[in-house]
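Dear colleague,

Please find below the structure that I am handing over to you. My findings follow directly after it.

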Amino acid sequence: MSAHRRQRPWRRPVLTLVATAAVAVSTAAYASGSPPAPAGGAAPAPAAAPLDDTYYDGAHGKTGTELKSALHAIISEQTRLSYDDVWDALKTTDEDPAAPGNVVLLYSGRSQAKDTNGGEANDWNREHVWAKSHGDFGTATGPGTDIHHLRPEDVSVNATRGNLDFDTGGDPVDEAPGSLSDGDSFEPRDAVKGDVARMILYMAVRYDGGDGFPDLEPNERVGNGSAPAMGRLSVLRQWNDQDPPDAFEKSRNDRIFGIQKNRNPFIDHPEWVAEIWK
């Protein structure tokens with residue numbers, strides 16, 4: 001995974017990658033902001049018109065519940081995927097820039113062949129970062145298939161995380177160096193702490209009780225069980241500050257925009273976390 005870089009100005013150009021173009025991109029190119037290099041002589045994906053903050057028209061200048069409501073209206077305009085569609089989507093969104101035949105596993109950090117997805121030991125499967133039992137939405141089209149919070153992960157690590165809330169502390173997790181878990185919480189490795197926080201907070205804005213789905217909200221608890229809640233909010237806010245969006249996370253947001261047609265606003269504007277959850 002690429003090293004973190006300083007957040008660029010709000011109107012930075014964004015390269016939107018077409019979902020079907022799984023083009024290898026060097027980590028160095030992303031880090032420098034230079035155009036992506038084609039892999040194996042393949043033609044690079046065509047550049048779309050620069051995307052600027054006109055996507056967030058209606059949200060600028062707002063704070064608190066007004067900002068949350070404005071962002072909900074913006075990001076609710078999306079293409080919905082089936083649960084089967086998610087397999088192919090993740091092979092594009094989570095492609096390893098250094099090894100385009102692989103995906104990068106979220107908690108493990110391991111680069112693994114795309115075609116090893118499944119349910120057997122050492123396969124990778126689809127991790128719901130907002131655990132689907134927290135609101136009982138299962139794998140229904142909507143929150144259950146929203147690729148902004150679905151990530152590739154090792155089968156056994158996925159099982160260890162289960163439906164645990166997020167917090168600090170615990171014992172080391174086998175096959176996920178730097179991750180910890182205990183009876184009521186899971187702590188991901190440092191390199192993706194902010195990624196996890198921004199995925200959880202995206203879900204809280206996108207799913208507000210409409211569309212027939214539960215109203216998802218972060219709170220200060222762990223052990224939330226089947227409640228449509230995920231904790232611990234103060235820790236998630238800390239992780240958002242500690243681990244700002246890096247090149248991989250920004251690229252992933254762009255690729256999701258090409259597939260699902262909506263964005264995670266907290267990747268584009270991590271400062272909005274503090275504007276909503278004060």
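The accessible surface of the protein chain amounts to about 11000 Å², and carbon and sulfur atoms contribute 53% of that area. Please bear in mind that this is a predicted model.

As to the overall architecture, the protein chain contains nine helices and 11 strands. Of its 278 residues, 54% are buried. Among the contacts in the protein chain with a separation of 6 or more, 67% are between residues 24 or more positions apart.

Helix H6, which spans residues 233-242, has as its buried residues Leu233, Val235, Leu236, Trp239 and Asn240. These residues lie on the same side of H6, because the arc they cover around the axis is only 160°. As a general point, an α-helix has 3.6 residues a turn, so residues three or four places apart point the same way.

When neighbours within four places in sequence are left aside, lysine 68 is in contact with Ala204, Val205, Glu217 and Ile276.

With kind regards

Definitions and conventions:
Residues numbered from 1 in each chain as written. Predicted model: local features only at pLDDT ≥ 70, side-chain atom pairs only at ≥ 80, totals over all residues. Heavy atoms only, no water. Contact = heavy atoms within 4.5 Å. Helix = DSSP H or I, 4+ residues; strand = E, 2+ residues; numbered from the N terminus. Buried < 20%, exposed > 50% of the residue type's maximum accessible area, 1.4 Å probe, protein only. Areas by Shrake-Rupley, 256 points an atom, 1.4 Å probe, with all protein chains shown as cover. Arc of directions from axis to C-beta.
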